[in-house]
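User: Hi! I'd like to go through the contacts in this model with you. Could you take me through them step by step?

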Amino acid sequence: MTHEPVAAEAATPLLSRRDALLAGGATITLATAPAAALGQPMPAPTGADAQAAAAPVLMEVSMEVNGTARHLRLDTRTTLLDALREHLQLTGSKKGCDHGQCGACTVIADGHRINSCLSLALMHEGSRITTIEGLGTPDRLHPMQAAFIRHDGYQCGYCTPGQICSAVAVLDEIRAGVPSHVSADLEAAPAPTNMEMRERMSGNICRCGAYSNIAEAMAELAEHGA
Amino acid sequence: MKPFTYERADSPAAAAAAVARTPGAKFIAGGTNILDLMKLQIETPTHLVDVNRLALDRIEDIPGGGVRIGALVRNTALAADRRIRKHYGVLSRAIVAGASGQLRNKATTAGNLLQRTRCPYFYDTAQPCNKRAPGSGCAAIGGISRQLAVIGASDHCIATYPGDMAVAMRVLDATVETVSPDGGTRAIPIADFHLLPGDTPQKENALRPGELITAVTLPAPLGGRHFYQKVRDRASYAFALVSVAAVIHPDGSGRVALGGVAPKPWRVDAADAAMKHGSRAVAEPLLAGARPAGDNAFKLPLAERTLALVMSEAKAA
Amino acid sequence: MKFDAPAGANPIDKLRVVGRPTDRIDGPRKTTGTAPYAYERHDVVPNQAYGYVVGAGIAKGRLTRLDVSAAKSAPGVLAVVSTLDMDRLPLSKMNTASLFGGAEIQHYHQAIALVVAETFEQARGAAFLLHPEYQATPGRFDLQAHEDAPLVGGSSGEGSGGPKLDRVGDFDMAFAQASVKLDQRYTTPDESHAMMEPHATIAAWDGDRLTIWTSNQMIAWNKRDLAKTLGMSPDKLRVDSPFIGGGFGGKLFVRADSVLAALGARAAGRPVKVALTRPLIFNNTTHRPATMQRIRLGAGRDGRLVAIAHESLSGDLPDGKPETAVAQTKLLYAGANRLISMRLATLDLPEGNAMRAPGEAPGLMALEMAMDEMAEALDMDPVRFRILNDTQTDPEKPGRPFSQRQLVECLRTGAARFGWDRRKPRPGTVRDGRWLVGMGVSAGFRNNLLQPSGARVRLDKRGTVTVETDMTDIGTGSYTIIAQTAAEMMGVELDQVVVRLGDSDFPASAGSGGQWGANNSTSGVYAACVKLRDAVARAGGLDPDRAEFSGGRVAAGGRSIRLADAALHGDLVGDDRIEYGSLAKQYQQSTFAAHFVEAAVDGFTGEVRLRRMLAVCAAGRILNPKTARSQVIGAMTMGAGGALMEELAVDKRRGFFVNHDLAGYEVPVHADIPHQDVVFLPEADPVSSPMKAKGVGELGLCGVAAAIANAVYNATGVRVRDYPVTLDKHLQRLPELA
């Protein structure tokens, strides 16, 4: 059996609606009906292999990524991380474990850092996503990116985009008064101490072991402002 | 991960009905556990009902005392809520002791209650596991069990409930509110929410097919000092070897529950009653009947010592 | 360039660029997510399909059935490559376990199939349709059951080889007669590299030519070994690996990702990309093998060692190699009577192989704890005890000096800086609230290894110097130190140098392993620059022997021209490699460190938390103190993991590492690691290379775990000899909290 054309389509980012979105100046309301409504066969309800061997279900989703409206038609199984990396070819967000155990995939969604590997792209209809590419570029570095370079807060570089997205969000979380495991007084406003930052950054593993330098890069920004 | 259809629900009852209607359907909220398990084909929903857009993301005061926490309140928001920090510190503390900042931003109150075990054999589909594949056996018994249960387990399963939030909720006597596909609602005391494995370890909680958690309510504040002491090898981003949730009053009385030792948050009335008499007096009834394996036997003295730590901190206050 | 006599003065000595703390030149790319890693190279070849690797669900036996029909007919599936489709593929000499082919299962999660599909989701979905069936056979999984395994002696390939029972003097008699003795056993567990980037490869065929874009530390090995495994000529294979998301030894060799990407691309008739999934990596790839070590030390009352014995047992698959945990004991301390041996058990666990500082890392975990115990038995300060037993010559060959050896200086400098004099010798006596606090020290030791290394340096008419070498940057800072070297040699600024790495079309380098990368690869660049300098001078009509390169110009005999002008009529190229003579035989070349740690132990729960860490290193010329320091703090972090949490948990019934993901296999997180201090002692080692540098990336790991364990002991008074030092091992013996 040859592969189905719809499958090939899923591998390609479909940005065709983007222009329409921009031109129309309005958000397109997308179908949220089950796949049957989109003309795809429903997976067989019983029989484990029958379901696994069933055709993928394709659905559409729109989100804003780094300030640009994006429209995708995706296999429902596609994570936000794979949508970014494979479909939008924004490969700055990394896949280190694909199970929420390392933090390399950290992006900022609607102002909150999340593990993009543990989120379906479809769950981000209408979301505003900021990835490492949206924070800064080699020619226009975000202050946190520049601080990481100055303090050598990275080595192999693979966890680095996640570390930086997290670091930016952590300073915001401290400013917003979110408590942490090491906050001595739950009711007091947390301060950007070394221990506070280390605890809050602990969801971003760096096997090269740049932690001490990352803490210093963050301290510099916490002190002088990002 | 098997193909699945997906829809976004617009009301709790509609969501429950959608799951009830479709064989093999599941809810998805934060997704941090179910997607993890779907990638390994441990969970294989045919249809996902995304409940993220339901208006269940508020924390409301209950007239006469207590709060109602919407099912979709994210862990971060719950831990940071002023009322929770002030009156239910044990809950704030438990939440921020768990997972990572990223996961807490995504994980929801209801989803966290439903978090499945981290038993490594459950996570490896090449291994027998009665929870994942009922009747296949338990590879953890006689295997690597350092993280696993010392009490409340069975000959069929020694998995631990891995969460922190629910341990605090257990000590606070929370109630889980649900809506059923027929629109009916229920209130399930947290003590009855998680089930012991017995000979059906695949059945982990009291929810019926299609039943959706809508909120968790906490009774009026207890006062006292609130503690959540989580013990682990790594300083953060690790599951508990043992955790102690406690509310302790100035006279030494109070309540205590343990995490990391059992298939559910572990609380025993007789232990609460012994709070004034020191950690040993509490640990004895709390852990009576424990059946540790070789490599998790240390959890018994560890639990007692962690209790002692919490009680000494309470005294120092 | 043949390096066969100690280096004299040379252009590097100017230290205008080399030796200065320099931001990484690849920093702007890495921090903005624009550095391309293997799996994400969408631009290199169109029409990439996705491969998903399936691992065996038993540890040993045969795969009797793999039903590919359902997977093949699943939507989007382009091909299924089954291990039953072919004979076992030839093994390269660097691999022990079969990578693919045939029915025999040698270890858990050995690759048995690759599913190739249009999308990742389709490949992964179809991978669960194969329903493998096995015939399992009993395996050997318990190292402890093999204490009588055969002696192997042998070589780590790093100048530390020896006979099976390596004796100097008469250990038995000297030990029997020693006034103070120690005879202890230590264990270290299996550990995983757990680099952040999974093993990943994109493979594309063009007729019989294959290109792989991969993540590998050793390009030339990879090219040679993958060609052998696939039965093709290396001339037809190109390997490209410009950015590597960590390796630590786990990406030294060809692994299943590149083999299966190549096979999958052939089967699907289009490019295929494959990444090993995280849960597969721990059992599918290699790991640092567990060891059981026995150390006996005998000393006089004066604290001088008279007898040293270090015996180690490790296991591996048939035809595997031992973990050379005894290597450093041959060289680290004086003592006239010595006994060194290794035993190798045959185990059916996944392949044991090199992980950062193989040999020394687990060896020093034991030896430096034994030294701490011996100092206590002698009632002597452990810093003083180590200083007393320093040696300036190879203890096995007294006529053979160390090229440089500043271990004593490392210890003294560190002790002063750390406030070692505040340490209480009696353990379990310092309290800070509920915390028990202690300090620990260890020596660090790792050999400096010499490997030939080539480079090509090109000057163009814009004055840009481009370095090409197949050297890799695995986070070590190769890009930057190579640029510094070329800038120094050619007298240009750093931003006039372009460095291109990791491509097998470039001259073969030493690659990244054994902490040999920095010294050897920059020496290769040095050699190529010497050639280029010559070409530039000649092109400008200047006397090459008198030419001075600075400020973007070359001058001699009172005449000076711009470098760019020398290349006006065509690029000038210097292409050479460094090769080494016999200096390594005449001189023992090693690197040294002293590690100091302050640890706190919760008096109730036994949890260990680190408060301070300091490493003082003597490792030749430090080419870039900023990136070298990062190498050391990173290694200290890995050492903290080894000391306190890392352990692949072996299910001895089922024969696999159970905790095979990053939640189960805990490595340190931010919260575990305090501020870390690093001091580099001034040193330039003319015997090592024209760069006068040595390695430092593994030195930082060597000994640090023992320093932590010794600090924990000093805090608690409970000696835990089985790593990692987790709370359950000392919990019930902690001193009573008053």
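Analyst: Happy to! A salt bridge here is a side-chain nitrogen of Lys or Arg within 4 Å of a carboxyl oxygen of Asp or Glu. Please keep in mind that this is a predicted model.

User: With that rule, how many salt bridges are there between chain C and chain A?

Analyst: One example joins the side chains of A:Lys94 and C:Glu40, with N and O 2.5 Å apart, which is a pair of the kind the rule asks for, Lys with Glu within 4 Å. Counted over the two chains, the number of salt bridges is five.

User: What area do chain C and chain A bury between them?

Analyst: The contact involves 71 residues of chain C and 66 residues of chain A. Carbon and sulfur atoms carry 56% of the buried area. On the chain C side, C:Thr31, C:Met196 and C:His670 lose the most, together 16% of what that side buries. The total for the two chains is about 5,500 Å².

User: Which element gives the most residues to the side of chain C that touches chain A?

Analyst: Between the two chains, 34 residue pairs are in polar contact. The elements of chain C that give two or more residues to this side are α1 (27-32), α3 (120-127), α7 (278-284) and α15. With nine residues, the one that gives the most is α15(C).

User: At what angle do helix α9 of chain A and helix α15 of chain C pack?

Analyst: From α9(A), the residues A:Tyr211, A:Ser212 and A:Asn213 meet C:Arg629, C:Ser630, C:Ile633 and C:Thr637 of α15(C). By class, these residues divide into two nonpolar, four polar and one charged. The helix axes lie 8 Å apart, and the angle is about 115 degrees.

Notes:
Residues numbered from 1 in each chain as written. Chains lettered and ligands numbered in written order. Predicted model: local features only at pLDDT ≥ 70, side-chain atom pairs only at ≥ 80, totals over all residues. Heavy atoms only, no water. Axes fitted to C-alpha atoms, helices over the stretch in contact; angles between N-to-C directions. Helix = DSSP H or I, 4+ residues; strand = E, 2+ residues; numbered from the N terminus. Contact = heavy atoms within 4.5 Å. Nonpolar A, V, L, I, M, F, W, Y, C, P; charged D, E, K, R; others polar. Buried area = accessible area lost by both parts, 1.4 Å probe. Polar contact = N/O pair within 3.5 Å; in protein donor to acceptor, adjacent residues only side chain to side chain.
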